Amino acid sequence: LKKLNDAIDSWDFYAPSLSRIECFHVILLIFRRLDLLEVLEVDEDKFKEFILVIEHNYHPNPYHNFFHAVDVLQCCYFLLNSSMMLRRLFK
């Protein structure tokens, strides 16, 4: 998990190089870091089930797939987290 924790803070993050379970953990790490489960009052076990349902329902597609979704999530997280201007807007 340390490797993933460090990876989500990098522009070089590339979800397709990860396993499905690592992608699952990336989602959880990002949501935990932003305290989104607490803020949205979502039970973590229910959220894990939700992630699995989403992953399961992606069609087998070479591009728009679960790995792409994790890549987009991390990119949004990285941009929001690294931009001081955007941080001020969202405080």
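Leaving aside neighbours within four places in sequence, Ile27 is in contact with Phe47, Ile51, Phe66, Val70 and Leu73, where contact means heavy atoms within 4.5 Å. The structure is a predicted model, in which local features need pLDDT of at least 70 and side-chain atom pairs count only at pLDDT 80 or more, while totals for chains, interfaces and linings use all residues. Residues are numbered from 1 along each chain as its sequence is written, and side-chain values use heavy atoms, with hydrogens and water left out.

Ile27 lies in helix 2; helices (H or I, at least four residues) and strands (E, at least two) are DSSP runs, numbered from the N terminus. Ile27 counts as buried because its relative accessibility is 8%. Buried means under 20% relative accessible area, exposed means over 50%, and partly exposed lies in between (1.4 Å probe, protein chains only). Between Ile27 and Asp45, which are 18 residues apart along the chain, the C-alpha separation is 13 Å.

A nonpolar core is a set of buried Ala, Val, Leu, Ile, Met, Phe, Trp, Tyr and Cys residues joined through side-chain atoms within 4.5 Å. The largest one has 19 residues, and those that touch the most other members are Ile8, Phe13, Val26, Ile27, Phe47, Ile51 and Val70. At least two residues of this core come from each of helix 2 (20-33), helix 4 (44-57) and helix 5 (66-82). Helix 2 gives the most, with eight residues. In soluble globular proteins, nonpolar side chains tend to be buried together. Val26 touches Leu4, Ile8, Phe13, Leu18 and Val70, not counting residues up to four places away in sequence.

Rolling a probe the size of a water molecule over the atoms shows where empty space is left. On a 1 Å grid over the protein atoms alone, a cavity is a set of points where a 1.4 Å probe fits but cannot get out, and a pocket is an open set with protein on both sides within 12 Å along at least five of seven lines; lining residues have an atom within 4 Å of a point. Grid points are joined across faces, edges and corners, and a volume is the space filled by probe spheres set on the points. The second largest pocket has a volume of about 150 Å³. Its lining consists of Ile27, Phe31, Phe47, Phe50, Ile51, Ile54, Tyr58, Phe66, Ala69, Val70 and Leu73. Helix 2, helix 4 and helix 5 are the elements that give two or more residues to this lining. The lining divides into eleven nonpolar residues, no polar and no charged, with Ala, Val, Leu, Ile, Met, Phe, Trp, Tyr, Cys and Pro counted as nonpolar, Asp, Glu, Lys and Arg as charged, and the others, Gly among them, as polar.

Gln74, in helix 5, counts as buried because its relative accessibility is 3%. Apart from neighbours within four places in sequence, Gln74 is in contact with Ala7, Ile8, Ser10, Phe13 and Ile30. Glu55 has its place in helix 4 and is buried at 15% relative accessibility. Glu55 touches Arg20 and Phe66, not counting residues up to four places away in sequence. The C-alpha atoms of Glu55 and Phe66 are separated by 5.6 Å, although these residues are eleven apart along the chain.

The loops follow. Asn65 is found between helix 4 and helix 5 and is buried, with a relative accessible area of 15%. The Asn65 side chain reaches the backbone oxygen of Asn61 at 2.9 Å. This is a polar contact, a pair of N or O atoms within 3.5 Å; within protein, one must be able to donate a hydrogen and the other to accept it, and residues adjacent in sequence count only if both atoms are side-chain atoms. Ser17, in the loop between helix 1 (2-7) and helix 2, counts as exposed at 52% relative accessibility. A polar atom of the Ser17 side chain lies 2.7 Å from the backbone oxygen of Tyr14.

Asp35 lies in the loop between helix 2 and helix 3 (36-39); it has a positive phi of about 55° although it is not a glycine. Asp35 counts as partly exposed at 44% relative accessibility. Glu41, in the loop between helix 3 and helix 4, has a positive phi near 55° and is exposed at 74% relative accessibility.
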